[in-house]
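Reader: I would like to go through this structure with you, one question at a time. Please show it first.

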Amino acid sequence: MLLNFTKMHGLGNDFMVVDGITQRVRLTTEQIGELSDRHTGVGFDQLLLVEPPRHPDMDFRYRIFNADGSEVENCGNGARCFARFVRDKQLTRKRTLNVETAGGPLTLIVTQNQQVRVDMGSPRFAPDSLPFIADEDALVHTLALPATTAGLTQVDVSVVSMGNPHAVLLVDDVEQAPVEALGPVLESHERFPRRVNVGFMQIKNRSRIDLRVFERGTGETRACGTGACAAVASGIRRGLLDTRTKVRLPGGTLTIEWSGHPDESLFMTGPVATVFEGRIELE
Ligand SMILES: N[C@@H](CCC[C@H](N)C(=O)O)C(=O)O
């Protein structure tokens with residue numbers, strides 16, 4: 001079977017985007033893992049699948065698969081690429097799109113300057129929403145590490161669900177943060193039964209942070225949209241950040257806005273790029 005796809009990225013977080021509306025697509029977990037290989041496949045952090053909506057008030061269903069083939073609830077950079085993709089492919093002419101994800105509905109707005117602003121819904125901090133095993137909600141939770149890692153026996157994390165689960169650590173210097181060592185240990189920590197994305201946040205001032213993210217099912221990426229949302233949401237909740245904060249990631253900068261009110265939506269704005277169109281033979 002020949003599969004048409006578009007390679008896209010948001011700040012270097014890269015995607016294989018597949019139109020599952022005009023072509024019949026059936027991919028196994030193993031096939032997605034093989035396609036993600038940067039030497040023998042297409043190579044990507046996530047595969048995004050566009051499908052018809054299952055609910056009449058939605059425009060599309062937006063499905064997300066990590067490089068390891070696992071299907072996940074949300075992807076912020078992917079959402080921006082998704083919005084550009086469905087317009088470029090003329091699957092819609094709308095500038096405001098309501099899409100369903102496994103983590104809940106999202107609203108995507110393509111702005112006049114071709115950036116995409118995403119209504120990410122409200123961040124959730126209750127441990128059950130990730131899920132995270134804890135007796136109570138808290139601004140910071142201390143996690144004992146299974147073995148001494150990067151000289152640490154425990155770390156303090158804030159936990160946030162942006163539809164998908166995030167743990168955020170405050171660090172003094174993001175360049176020196178032990179992302180490679182701590183990322184996988186925390187991703188699979190027993191208190192996160194569905195694993196977790198791990199953000200390392202350095203606060204530069206009240207409206208600017210630097211961030212690196214070790215993503216669940218993928219590893220460190222050049223940018224993680226939901227990771228940026230989670231980091232800023234946790235910073236605002238802790239009284240450390242302003243309601244409009246710029247997030248500098250290795251691949252570039254996102255703008256995050258949130259009033260801090262638990263019932264109000266958080267917004268993420270950033271760029272999108274299309275790299276090439278491709279076609280691959282699947283066995
Ligand atoms: N790159 C993403 C997040 C993709 C999913 C994540 N790895 C997970 O497992 O939840 C983003 O831009 O948000």
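Reader: How many residues lie between β1 and β2 in their hairpin?
Author: This is a predicted model, in which local features need pLDDT of at least 70, side-chain atom pairs count only at pLDDT 80 or more, and totals for chains, interfaces and linings use all residues. Residues are numbered from 1 along each chain as its sequence is written. Helices (H or I, at least four residues) and strands (E, at least two) are DSSP runs numbered from the N terminus, and L11 in the turn of this hairpin has a positive phi of about 55°. The number of residues between β1 and β2 is 2.

Reader: Which residue of β18 stands opposite T6?
Author: Two strands pair if DSSP finds at least two bridges between them; β1 (residues 2-10) runs antiparallel to β18 (residues 273-281), with 8 bridges joining them. Strand β1 is also joined by 5 bridges to β2 (residues 13-19), again antiparallel, and there M8 has F15 as its bridge partner. On the β18 side, the residue opposite T6 is E277.

Reader: Why does the ligand shell lie between the domains?
Author: Domain bounds come from an automatic or database domain assignment, which gives domain 1 (2-119 + 271-281) and domain 2 (127-264). A residue is near a molecule if its C-beta atom, placed from the backbone, lies within 6 Å of it, and 20 residues surround the ligand, the closest being N77, N164, R216, G225 and T226. The shell lies between the domains because residues are given to it by both domain 1 and domain 2.

Reader: Which element supplies the largest share of the shell around the ligand?
Author: At least two shell residues each come from β4 (60-66), α2 (76-88) and α4 (225-237). The largest share, 3 residues, is from α2.

Reader: Which element gives the most to the side of domain 1 that touches domain 2?
Author: Counting two residues as in contact if their C-beta atoms, placed from the backbone, lie within 7 Å, 20 residues of domain 1 are in contact with 17 residues of domain 2. With 3 residues, the element that gives the most to this side of domain 1 is α2.
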